[in-house]
Amino acid sequence: MQLKKDTFIVIREYMVSELNLKGNELIVYAIISGFEEYTGSLNYLATWTNSTKQGVLKNLKSLVNKGYITKQDIIHNGVKYCRYKAKYSTSSDI
């Protein structure tokens, strides 16, 4: 997968200073927090982080365990999807 040239993410100050995120966890969190609910692919996150799907799964699991994102499994027409949502959208929520 190749990202479009005009694609961007927003890393907010609280993500670093208050959530203490860094590296790929920071990037994954920033992407998810940019959506009301993230239902995109692992491949998209792996492309952004220049990582593997397995590496992204590790980041997602860590973010869920820290309580920074929620995960909901959804089965639609027999296909399993995961829906992720950032718990904090501004530093005032922390």
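**View 1. Lys-71 is partly exposed, at 44% relative accessibility.** This is a predicted model. Lys-71 pairs with Asp-73 in a salt bridge, with 3.8 Å between the closest N and O atoms. Asp-73 is partly exposed too, at 46% relative accessibility. Lys-80 joins them: Lys-71, Asp-73 and Lys-80 form a network of salt bridges. Side chains of opposite charge can pair when their charged atoms come close.

**View 2. Lys-66 and Glu-25 form a salt bridge, 2.8 Å from N to O.** The two residues sit 41 apart in the chain. Lys-66 lies in the loop between helix 4 and strand 1 (69–76), and Glu-25 lies in helix 2. Lys-66 is partly exposed, with a relative accessible area of 42%. Glu-25 counts as buried, because its relative accessibility of 14% is under the 20% limit.

**View 3. Glu-37 meets Arg-83 in a salt bridge.** Their closest N and O atoms are 3.2 Å apart. Again, distant parts of the chain are linked: Glu-37 is in the loop between helix 2 and helix 3, Arg-83 is in strand 2, and 46 residues separate them. Glu-37 is partly exposed at 38% relative accessibility. Arg-83 is partly exposed as well, with a relative accessible area of 26%. The count for the model comes to 4 salt bridges.

**View 4. The largest nonpolar core holds 23 residues.** Tyr-29, Ile-32, Leu-45, Leu-60 and Ile-69 touch the most other members. Elements giving two or more residues include helix 1 (13–17), helix 3 (42–49) and strand 2 (79–86). Helix 2 gives the largest share, 7 residues. Look at Tyr-29: among the residues it touches are Tyr-14, Met-15, Leu-63, Ile-69 and Tyr-88.

**View 5. Helix 3 has several buried residues, including Tyr-44, Leu-45 and Trp-48.** Helix 2 and helix 4 are among the elements that cover the buried residues of helix 3. Asn-50 follows helix 3, and its phi is positive, near 55 degrees.

**View 6. Asn-59 is found in helix 4.** Asn-59 is buried, with a relative accessible area of 12%. Beyond its neighbours within four places in sequence, Asn-59 contacts Asn-24, Glu-25 and Val-28.

Note on methods. Residues numbered from 1 in each chain as written. Predicted model: local features only at pLDDT ≥ 70, side-chain atom pairs only at ≥ 80, totals over all residues. Heavy atoms only, no water. Core = buried A, V, L, I, M, F, W, Y, C linked by side-chain atoms within 4.5 Å. Buried < 20%, exposed > 50% of the residue type's maximum accessible area, 1.4 Å probe, protein only. Helix = DSSP H or I, 4+ residues; strand = E, 2+ residues; numbered from the N terminus. Contact = heavy atoms within 4.5 Å. Salt bridge = Lys/Arg side-chain N within 4 Å of Asp/Glu carboxyl O.
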